[in-house]
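Take a look at the sequence and the structure first, then read on.

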Amino acid sequence: MIVILQSNVTEEQIDHVLQRIEALGLQHHLSRGTFRTIVGIIGDEEKLQSEPLHAIPGVAQVIPVLPPYKLASREAHPEPSIVDVSGVKIGNGHLGMIAGPCSVEDRDRMFRIAESVCESGANLFRGGAYKPRTSPYAFQGLGEAGLKLLREVGDKFNLPVVTEVTDPRLVELVSEHADMLQVGARNMQNFALLTEVGKSQRPVLLKRGMSATINDLLMCAEYILSQGNMNVVLCERGVKGFDSLTRNLFDVAAVPLIHNLSHLPVIVDPSHATGRPDLIPSCALAGLAAGADGVHIEVHDCPEEAKSDGPQALLPDQYRQLADQMKELAKLFGKTVSPLPEKMA
């Protein structure tokens, strides 16, 4: 249920509304918008049926929320959310440009790639220190050493870094080094992990599962939001299809659909969606044209030597050309690539 407060509501009235909700044994989430203050209520709806919420001073309207993802829904938060990743904003006209290799590799290579994508306009650097792989014999990442190297690279170029966390037991460690935690497609419905990253309060990049519906994705976001962490960015990275010519099926319609249903920012990952460098530029631009709040692209200076997913990585020069095109397209839609922070903490 959503409680919309009057435009002239006082702080004392807001506190009273929250106290009444708590007295019923329910949870609340306060959202202050430009023109209205909204309170989302979570819990047993039967407890609300006999409670005259309309009669509480300061309450303008009480609206039942139909979607099961109450905190992620537009009803709970009508205005688009902006997620701040160590000074880089994503959402509501601010674009996140995430780029970097699939895996954290040797030091010199990481510095070269980071310098290149930073010069091209990327505002977040990606790289996996822990890699969930289909084969147990494939490269699994450098672990904690990779986290430290990723942090060193980010500090050198003043680039916030995003990396995947694969285990609830690793959330605290990864949070010490990363500015944003990524929950990958294989872990989208790892509810223990979602709960832990929600508790961490670090911004979260939540990727859509390979066979997940939009409702599945939003319900998984709800796990994170329910822990009080509202800094969630959703990622469309393709779903399993029947055509073997691409790695996955790029569901570009998911971008405007999610925006209709949820206030959370949505970015696209054409690298995983297609698995083909020749298709990545077109799909990246299509995602932005559909309203995406950013683009996540894998970049490597020598794909044939990459530890993982080399065949789907763009070369630095290819990324530079695409980044220029994305910036021009953004202007047509009145959006801007969020600048790098002056100095990260």
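At what angle do the axes of helix α3 (residues 107–120) and helix α11 (residues 316–332) cross? They cross at roughly 25 degrees and come within 9 Å. This is a predicted model, where local features need pLDDT of at least 70, side-chain atom pairs count only at pLDDT 80 or more, and totals for chains, interfaces and linings use all residues. Residues are numbered from 1 along each chain as its sequence is written, and side-chain values use heavy atoms, leaving out hydrogens and water.

**The pair α3 and α11**
- The crossing angle makes α3 roughly parallel to α11 (angles under 35 degrees count as roughly parallel).
- The contact (heavy atoms within 4.5 Å) is made by Ser116, Val117, Glu119 and Ser120 of α3, together with Pro316, Tyr319, Arg320, Ala323 and Lys327 of α11.

**Helix α1 and its two sides**
- Helix α1 (residues 11–23) has 13 residues and reaches 18 Å from its first C-alpha to its last, close to the 18 Å expected at 1.5 Å a residue (1.5 Å times one less than its number of residues).
- Ile14, Val17, Leu18 and Ile21 of α1 are buried (under 20% relative accessible area, with a 1.4 Å probe and protein chains only).
- These four cover an arc of only 95 degrees around the axis, which puts them on the same side of α1.
- An α-helix has 3.6 residues a turn, so residues three or four places apart point the same way.
- On the other side of α1, Glu12 and Ala23 are exposed (over 50%).

**Around α1**
- The buried residues of α1 are covered by elements including β1 (2–5), β2 (27–32), β3 (37–42) and β4 (59–63).
- After α1 comes glycine 25, whose phi is positive, near 80 degrees.

Terms used. Arc of directions from axis to C-beta. Axes fitted to C-alpha atoms, helices over the stretch in contact; angles between N-to-C directions. Parallel < 35°, antiparallel > 145°, perpendicular 65-115°, else oblique.
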